[in-house]
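Student: I would like to go through this structure and ask what stands behind each label put on it.
Tutor: Go ahead; each answer will set a value against its cut-off.

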Amino acid sequence: AVVSTQSTGSKPVVSTQTQFGYAYVLVKSRYDNDIRKGIRLLRELCQSGVDQRDFVYFLAVGHYRLSEYNEALKHCERILGMEPGNTQAKQLMEVIKRKRKKDAMIGAAVLGGGAVAVTGGLLVAGAVIAGGIAALRRR
């Protein structure tokens, strides 16, 4: 059954398969809030005692899509702890590591460019001030 009702109340209980399917779609969304909700649902599935490789893999995918690379790598390592030869987890780890390195290089370039702009601005400001002081002295 996809949805059943608990015997103690009328709150519907969603099957593991349905919850996983919904979490999978959310993790693949282009919206960060959807991805976060998918991650939450996948964590619930893992905490329910069912620690399937697919749940953990899509936790890694979700964290990767949010640029949470260290968390994504932890989940890949968790999969490899369960299945040391898992190629899917190994490939995702490589993708994450490349993306993390690329983002770090872009960040360094942005910071470097910002430092150059600040330094250039300070040099221009210094030249203007020095020129102004020199003009005052000539009077």
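The questions below take up salt bridges, the core, cysteines and helices in this predicted model.

Student: How many salt bridges does the structure hold?
Tutor: The structure holds six salt bridges.

Student: What makes the contact between arginine 53 and aspartate 54 a salt bridge?
Tutor: Their side chains meet with N and O 3.2 Å apart. The limit between a side-chain nitrogen of Lys or Arg and a carboxyl oxygen of Asp or Glu is 4 Å, so the pair qualifies.

Student: Why is aspartate 54 called partly exposed?
Tutor: The relative accessibility of aspartate 54 is 29%. Buried needs under 20% and exposed needs over 50%, so aspartate 54 falls in between. Arginine 53, at 25%, is also partly exposed.

Student: How do you know that lysine 74 and glutamate 71 form a salt bridge?
Tutor: The closest N and O atoms of lysine 74 and glutamate 71 are 3.8 Å apart, and the cut-off is 4 Å, so the pair counts. The two residues are three apart in helix H4 (residues 69-82), separated by about one helical turn.

Student: What about lysine 99 and aspartate 103?
Tutor: Lysine 99 forms a salt bridge with aspartate 103, with the closest N and O atoms 3.2 Å apart. Both lie in helix H5 (residues 87-138), four residues apart, about one turn of the helix. Separately, salt bridges with shared partners join Arg53, Asp54 and Glu83 into one network.

Student: Which residues have the most contacts inside the largest nonpolar core?
Tutor: That core has 28 residues, and Leu42, Leu92 and Ile96 have the most contacts inside it. The elements giving two or more residues to the core are helix H1 (16-27), helix H2 (32-47), helix H3 (53-65), H4 and H5. H3 gives the largest share, seven residues.

Student: What does isoleucine 96 touch?
Tutor: Leaving out residues up to four places away in sequence, isoleucine 96 touches Tyr64, Tyr69, Ala72, Leu73 and Cys76.

Student: Why is cysteine 76 called buried?
Tutor: The relative accessible area of cysteine 76 is 0%, and buried means under 20%, so the label holds. Cysteine 46, at 12%, is buried as well.

Student: How many disulfides are there?
Tutor: A search of the whole structure finds zero disulfides.

Student: What span should H3 have at 1.5 Å a residue?
Tutor: The 13 residues of H3 should span 18 Å, and the end C-alpha atoms of H3 are 18 Å apart, so the two values agree.

Student: Which residues of H2 are buried?
Tutor: The buried residues of H2 are Ile35, Gly38, Ile39, Leu41, Leu42, Leu45 and Cys46.

Student: How do you know where they sit around H2?
Tutor: Seen down the axis of H2, the buried residues fall within an arc of 165°, so they line one face of the helix. The face of H2 turned away from the buried side carries the exposed residues Asn33 and Gln47.

Student: What covers the buried residues of H2?
Tutor: The cover includes H1, H3 and H4.

Note on methods: Residues are numbered from 1 along each chain as its sequence is written. This is a predicted model: local features need pLDDT of at least 70, side-chain atom pairs count only at pLDDT 80 or more; totals for chains, interfaces and linings use all residues. Side-chain values use heavy atoms; hydrogens and water are left out. Buried means under 20% relative accessible area, exposed over 50%, partly exposed in between (1.4 Å probe, protein chains only). A nonpolar core is a set of buried Ala, Val, Leu, Ile, Met, Phe, Trp, Tyr and Cys residues joined through side-chain atoms within 4.5 Å. Contact means heavy atoms within 4.5 Å. A disulfide is a pair of cysteine sulfur atoms within 2.5 Å. The expected span of a helix is 1.5 Å times one less than its number of residues. The arc is that of the directions from the helix axis to the C-beta atoms.
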